[in-house]
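Here is a set of questions and answers about the model shown below. Each answer sets a value against a definition and then concludes.

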Amino acid sequence: MEPLLNKVGVLVMEDAEDIELLNAFFASVFSAKTGPQESQAPEVREEGYREDDFPLVEEDCVRDCLSNLDAHKSMGPDGMHPRVLRELANVIAEPLSINFERFWRAGEVPEDWRKANVTPVFKEGKKEDPGNYRPVSLTTIPGKAMEQLILEVIVKQVEEKKVIKSSHHELTKGKSCLINLIAFYDSMTGWVDEGRAVDVVYLDFSKAFDTVSHNIVLGKLRKCGLDEWSVRWIENWLNGRTQRAVISGAESSWRPVTSGVPWGQYWAQSCLTSSSMTWMKS
């Protein structure tokens with residue numbers, strides 16, 4: 001690993017210290033953890049719901065998810081390789097589906113699912129600058145499978161409630177940057193042809209998704225009408241998350257993750273934003 005510059009501009013030659021420097025930098029972008037919102041949704045009272053209302057996890061869905069795992073992906077902090085889970089899909093699909101459904105209904109999140117190994121990937125510039133490395137977060141495979149199930153529920157509910165506008169393109173199924181550019185170009189040229197004045201403003205928020213308050217995320221989910229079981233599970237998943245940097249088998253200490261929507265949780269970005277500004281407003 002390349003030596004890194006510490007806060008006082010001195011090169012650190014020890015790999016163990018370099019790893020700590022990177023993890024400290026990655027954690028420095030998080031915003032401070034805030035208290036609960038004043039207007040929290042009430043606790044789920046199961047006696048007020050019919051059995052048909054409870055979250056259900058089909059064994060076939062879990063089996064399909066495990067069978068489609070990429071065997072070349074890296075394992076998370078639990079040390080469970082995706083190849084193992086894929087090859088055992090027919091055996092573990094039933095017990096996993098039972099546990100997933102129980103976790104979902106109770107809002108329980110296993111401790112291992114809140115942990116992430118972060119691999120630094122060099123972007124560009126000077127290699128001694130910690131700011132020139134991008135963190136890639138690796139979490140547990142069973143946790144990702146559970147997230148995929150909740151993603152499908154979120155997508156279904158926001159589509160039914162027409163939360164996403166047709167103008168939204170980012171991470172939206174069936175759309176791309178190219179389609180977005182074509183639509184934008186068509187609108188602008190149309191206005192120019194009509195003789196109208198057109199001003200274009202581009203905005204790019206630094207570390208935007210890393211600094212998003214968890215309360216804002218949960219507030220948006222509830223505002224969009226997501227069922228309380230799913231919101232409660234996501235809330236418990238967000239609370240208590242930690243991460244560590246891992247390079248060539250060497251590990252840093254754990255640091256708390258107090259804000260942000262991890263890139264692995266693209267459901268939150270794709271389902272709830274009509275623009276980047278949506279996330280930044282409380």
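Q: Why are α4 and α8 called roughly perpendicular to each other?
A: Helix α4 (residues 89-106) and helix α8 (residues 228-238) pack at an angle of about 95°. Angles of 65 to 115 degrees count as roughly perpendicular, under 35 as roughly parallel, over 145 as roughly antiparallel, and the rest as oblique. α4 and α8 are therefore roughly perpendicular. Their axes, which are lines fitted to C-alpha atoms over the stretch in contact, with angles from 0 to 180 degrees between N-to-C directions, are 7 Å apart.

This is a predicted model, in which local features need pLDDT of at least 70 and side-chain atom pairs count only at pLDDT 80 or more, while totals for chains, interfaces and linings use all residues. Residues are numbered from 1 along each chain as its sequence is written, and side-chain values use heavy atoms, with hydrogens and water left out.

Q: Which residues make the contact between α4 and α8?
A: From α4 they are Phe103, Trp104, Arg105 and Ala106, and from α8 they are Trp229, Ser230, Arg232 and Trp233. Contact means heavy atoms within 4.5 Å. By class, this contact has 5 nonpolar, 1 polar and 2 charged residues. Ala, Val, Leu, Ile, Met, Phe, Trp, Tyr, Cys and Pro count as nonpolar, Asp, Glu, Lys and Arg as charged, and the others, Gly among them, as polar.

Q: What makes α7 and α8 roughly antiparallel or roughly parallel?
A: The axes of α7 and α8 cross at roughly 170° and come within 10 Å. That angle puts α7 and α8 in the class of roughly antiparallel helices. Their contact is made by His214, Val217, Leu218, Leu221 and Arg222 of α7 with Glu228, Val231, Ile234, Glu235 and Leu238 of α8. It has 6 nonpolar, 1 polar and 3 charged residues.

Q: How many helices and strands does the protein have?
A: The protein has 10 helices and 7 strands. Helices (H or I, at least four residues) and strands (E, at least two) are DSSP runs, numbered from the N terminus.

Q: Is serine 248 buried or exposed, and what is its relative accessible area?
A: Serine 248 has a relative accessible area of 80%, so it is exposed. Serine 248 lies in the loop between β5 (242-247) and β6 (250-251). Its phi is near 50°, a positive value in a residue other than glycine.

Q: What is the relative accessible area of isoleucine 150?
A: The value is 1%, so isoleucine 150 is buried. Isoleucine 150 lies in helix α5. Not counting residues up to four places away in sequence, isoleucine 150 touches Trp104, Ser230, Trp233 and Ile234. Isoleucine 150 and isoleucine 234 are 84 residues apart in sequence and 9.0 Å apart in space, C-alpha to C-alpha.

Q: Which residues have the most contacts inside the largest nonpolar core?
A: They are Val62, Leu66, Phe100, Met146, Trp233 and Ile234, in a core of 34 residues. A nonpolar core is a set of buried Ala, Val, Leu, Ile, Met, Phe, Trp, Tyr and Cys residues joined through side-chain atoms within 4.5 Å.

Note on methods: Buried means under 20% relative accessible area, exposed over 50%, partly exposed in between (1.4 Å probe, protein chains only).
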